[in-house]
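Student: Could you take me through the aromatic rings in this one? I'd like a close look at how they pair up.

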Amino acid sequence: MGKNIQPIVVTDSGAGGLFVLDKLVRAFPREKFVYFSDVGNMPYGNKSDERIRELCGMRVDFAKRKKGKLIVVACNTMSAVGREVFENGGVAVDFVLAADGLSESLSGTDGTSGVNRSGRVGCLSGGNRSIENRSHGKIALPAVVFCTAATRKSGVISRLSKQNGVVVYAERDLAREIEEHIFDLLSYKPRLAEGDRKNYKTVVLGCTHYALIRDKFAERFSGAVVIDGTEGLENRVRQAVSAADGGGKNERKNRGENGAKKRCRSGSEKGDGRKSKVRKGKGRVVFFGSGARKMRRAFFALFGREKL
């Protein structure tokens, strides 16, 4: 695994971030990963901003104890509400936030930033209104954003929700329901907010839990482009890993050995970050936090990881 064995810490409240973990494990076969969950406190989307920031601070402390080279915040709520906590935490960080960059890149028809002269979001591009996302590129309007209540109140989404052409639904219980059905998602039928499912050209999944049922959103909003927030993630993480390793061997090996075996072990960690009953041994993916054993089982069940 090379001399630098500092892990990449991937974190979410529960199982939503597992699809992010899977993408990164496949893309970076020479890296060690730590997944930190906090099932005991989920859902985060219904908590106060102050409490969410406290939980973000717990992640930073955990990453420091584990000597993490990078924190990947695989939670839109933490990314939207607790960004400053992570950015000032002293550990390199990357955020999974599906709507990141939308508000900053609204362009008017006269080429200026903001709402155009007609009062509508975006610009006219080839006869179709669109807005820009720094990772995904042009996003066709009208668009619908599904997110948690806390993410809905955050700056980026709050500004978008006031604009024509973008509809935002705050799903209070969807993340919790997905977590409860994590081992039977194929048969799970989500109760999505009502809307004109035929007219939306873009569907933005503002919670990583929602990406676990991406196919159900695609089915409901047939023909729309579905964005889950991981667009551009691999390149950003590659740059961060290269910087942490000084452009060393791990970064080069990550590019060419995607067939490497995945090893996994699990442990548990109390809500205040103290370790308890951690299984001995080494592995490429280690699970900590409240619900660690469930996360490990779900990772295997959802992504077919090989038990070693």
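This is a predicted model: local features need pLDDT of at least 70, side-chain atom pairs count only at pLDDT 80 or more; totals for chains, interfaces and linings use all residues.

Tutor: A pair of aromatic rings is described by the distance of the centres and the angle of the planes. Counting rings whose centres lie within 6.5 Å, you get 11 aromatic pairs. Let's zoom in on one of them: Phe-146 with Tyr-169, whose centres are 5.5 Å apart with 25 degrees between the planes. That pair counts as stacked, because the cut-off for stacking is under 30 degrees. Now look at where the two partners come from. Phe-146 belongs to strand S8 (residues 143-147), while Tyr-169 belongs to strand S9 (residues 166-170). They are 23 residues apart, so the pair links distant parts of the chain. How accessible is Phe-146? Its relative accessibility is 0%, so Phe-146 counts as buried.

Ring pairs tie Phe-146 and Tyr-169 into a cluster with Tyr-200, Tyr-210, Phe-217 and Phe-221.

Next, the charges. Arg-83 sits over the face of Phe-95, 4.2 Å from the ring centre. Arg-297 does likewise with Phe-183, lying over its face at 4.3 Å from the ring centre.

Notes. Residues are numbered from 1 along each chain as its sequence is written. Side-chain values use heavy atoms; hydrogens and water are left out. Rings of Phe, Tyr and Trp (its six-membered ring) pair if their centres lie within 6.5 Å; planes under 30 degrees apart count as stacked, over 60 as edge-to-face and the rest as tilted. Helices (H or I, at least four residues) and strands (E, at least two) are DSSP runs, numbered from the N terminus. Buried means under 20% relative accessible area, exposed over 50%, partly exposed in between (1.4 Å probe, protein chains only). A charge sits over a ring if NZ of Lys or CZ of Arg is within 6 Å of the ring centre and within 35 degrees of the ring normal.
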